Amino acid sequence: IRRAGGEVGRTDLFVVHSGADHTPAGRQRKLKRDFRLLAKDLTQRPDHPFVLFNLGMTLNDAGRHEQAVESLRRSIELSQPAESHVRKAYALLVGSLAELGRREQALAACARALGLFPDDKELLFRSAALYHHLGRLDEAERLYQRVLTEPEAWHFSSIDRGLAGYKARHNLARVYEDMGRFDKAEEQWRAVVTDQPHYRDGWRGLGEVLLQQDQLAELAGVIRQLQSDEHLRAIGHVLAALRARREQDPARVRRELELALRHSPDDVDVQHQLCRVLFESFEPEDAEPGLRRLAELTPEDAAVHHNLGTVCRRAGRHEEAVRCYRTSLELRPKSVHTWLELGRALRDSGRRNEALAAWQSGLQLDPVNTNLRREVEQSTSTSKAAASVARLSES
């Protein structure tokens with residue numbers, strides 16, 4: 001509109017984006033469609049800043065962050081600061097840089113953007129999150145407080161409204177916990193659950209900080225309140241499990257987590273907690289059903305496949321253990337511990353040469369690992385002894 005000489009005016013209208021298919025299959029269909037349309041658009045307008053912005057946004061959504069950074073930087077270079085997509089382009093650029101672990105670069109991009117848009121809530125939020133990750137807690141606190149309290153001049157935007165509300169309070173509570181200021185964290189968690197009464201992470205945070213402050217009677221009241229609400233009963237049982245863990249009662253921890261899963265069977269976090277307590281305090285084999293469910297819910301979680309391999313190995317199912325460890329290594333190839341356990345599973349299944357190769361792969365990653373060196377030395381000495389016996393038999 002501006003390039004055509006027109007004026008952009010403000011109305012009180014806004015669009016709520018809803019009804020999208022958020023299943024993995026639905027997201028893949030959407031991404032496939034978007035990339036197909038963007039390819040056509042790029043062919044016709046290869047250097048159009050808004051096309052590059054949309055490409056960068058879609059690459060960010062697809063997790064292709066290196067390419068997203070390239071497109072978003074190019075879009076910003078070709079844009080005028082007043083164009084409506086520039087703020088969001090900077091925010092997405094910062095997000096992709098952070099995902100790539102390039103947090104100092106992300107902070108620098110945030111600083112450039114805030115120089116143009118000093119009151120932008122999303123940029124302030126992202127900058128605060130980066131400071132928190134880098135351990136610069138005072139700066140993180142200051143910026144989250146700005147997100148929550150300072151006004152923002154009107155501008156055309158596309159933003160998650162929770163960023164300037166309960167999500168900022170959630171993150172600020174975590175900052176206060178890291179500072180050891182649990183009373184301030186409690187204030188934020190209480191504000192979160194007042195604003196979002198069905199936000200389970202908010203109740204979890206409140207329960208944890210009450211436990212941290214030994215406010216057990218207050219925690220008991222929160223648990224009763226949650227367990228009386230059909231929608232929050234599961235998180236009530238999770239908080240009861242946390243209290244039972246504090247009291248070193250693993251049987252009650254297990255019981256409460258199993259009750260939580262009865263009300264929320266697809267809750268990944270609760271499944272993880274239950275598997276952990278079963279591994280630590282009961283027979284690891286008891287964790288197998290939960291681990292198999294986690295492998296369905298989070299197939300990209302390397303630790304789940306590793307732990308399932310350990311259960312299979314202890315049960316004497318060595319070939320299945322090998323498959324689980326190999327799946328884990330496909331997802332997390334630098335896990336020295338998984339290379340160690342893979343070698344042991346291969347050895348137990350009689351595949352000694354493959355076991356030795358697995359341990360040697362682990363040693364390439366960690367040359368001083370004593371467990372790996374011991375396995376390699378024992379395997380080598382066993383092989384030499386077997387060769388000596390074979391020569392004697394021949395003679």
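Contact here means that heavy atoms lie within 4.5 Å. The model is predicted.

Ala 345 sits in helix 18. Is Ala 345 buried or exposed? Ala 345 is buried, because its relative accessible area is 0%, and the cut-off for buried is under 20%. Which residues touch it? Setting aside neighbours within four places in sequence, Ala 345 is in contact with Arg 313, His 318, Ala 321, Val 322 and Tyr 325. Ala 241 is another matter. Ala 345 and Ala 241 are 104 residues apart in sequence, and their C-alpha atoms are 34 Å apart in space.

**Salt bridges**

How many salt bridges does the count give? The count comes to 42 salt bridges. Three of them are set out here.

| Salt bridge | Closest N to O distance |
|---|---|
| Glu 375 and Arg 344 | 2.9 Å |

Arg 136 counts as partly exposed, because its relative accessibility is 33%. Glu 139 also counts as partly exposed, because its value is 25%.

Asp 269 lies in helix 14 (residues 268–281) and Arg 204 in helix 10 (residues 200–212), so the pair ties together parts that are 65 residues apart in sequence. Asp 269 is partly exposed, at 39% relative accessibility. Arg 204 is buried, with a relative accessible area of 17%.

The last pair is Glu 375 and Arg 344, joined by a salt bridge. This pair links distant parts of the chain. Glu 375 is in helix 20 (residues 370–394), while Arg 344 is in helix 18 (residues 336–348), 31 residues apart. Both Glu 375 and Arg 344 are buried. They also belong to a network. Salt bridges with shared partners join Arg 313, Glu 341, Arg 344, Arg 347, Asp 348 and Glu 375. Arg 313 in this network is also a contact of Ala 345.

**Helix 14**

Helix 14 holds Asp 269. It has 14 residues. From its first C-alpha to its last it reaches 20 Å, close to the 20 Å expected at 1.5 Å a residue. What caps the N-terminal end of helix 14? Asp 267 does: one of its side-chain oxygens lies 3.0 Å from the backbone nitrogen of Asp 269.

Some of helix 14 is buried. Its buried residues are Val 270, Gln 271, Gln 273, Leu 274, Cys 275, Val 277 and Leu 278. They pack against helix 10, helix 12 (233–246), helix 13 (250–263) and helix 15 (288–297). Helix 10 is also where Arg 204, the partner of Asp 269, is found.

**Nonpolar cores**

How many residues does the largest nonpolar core have? It has 82 residues, and Trp 203 and Leu 206 have the most contacts inside it. Helix 4 (residues 86–99) gives the largest share of this core, nine residues. Leaving aside neighbours within four places in sequence, Leu 206 is in contact with Glu 186, Trp 189, Arg 190, Val 193 and Val 222.

There is a second, separate core of 18 residues. Its members include Cys 312, Leu 346, Leu 363 and Leu 372.

Key. Residues numbered from 1 in each chain as written. Predicted model: local features only at pLDDT ≥ 70, side-chain atom pairs only at ≥ 80, totals over all residues. Heavy atoms only, no water. Salt bridge = Lys/Arg side-chain N within 4 Å of Asp/Glu carboxyl O. Buried < 20%, exposed > 50% of the residue type's maximum accessible area, 1.4 Å probe, protein only. Helix = DSSP H or I, 4+ residues; strand = E, 2+ residues; numbered from the N terminus. Core = buried A, V, L, I, M, F, W, Y, C linked by side-chain atoms within 4.5 Å. Expected span 1.5 Å × (residues − 1). Polar contact = N/O pair within 3.5 Å; in protein donor to acceptor, adjacent residues only side chain to side chain.
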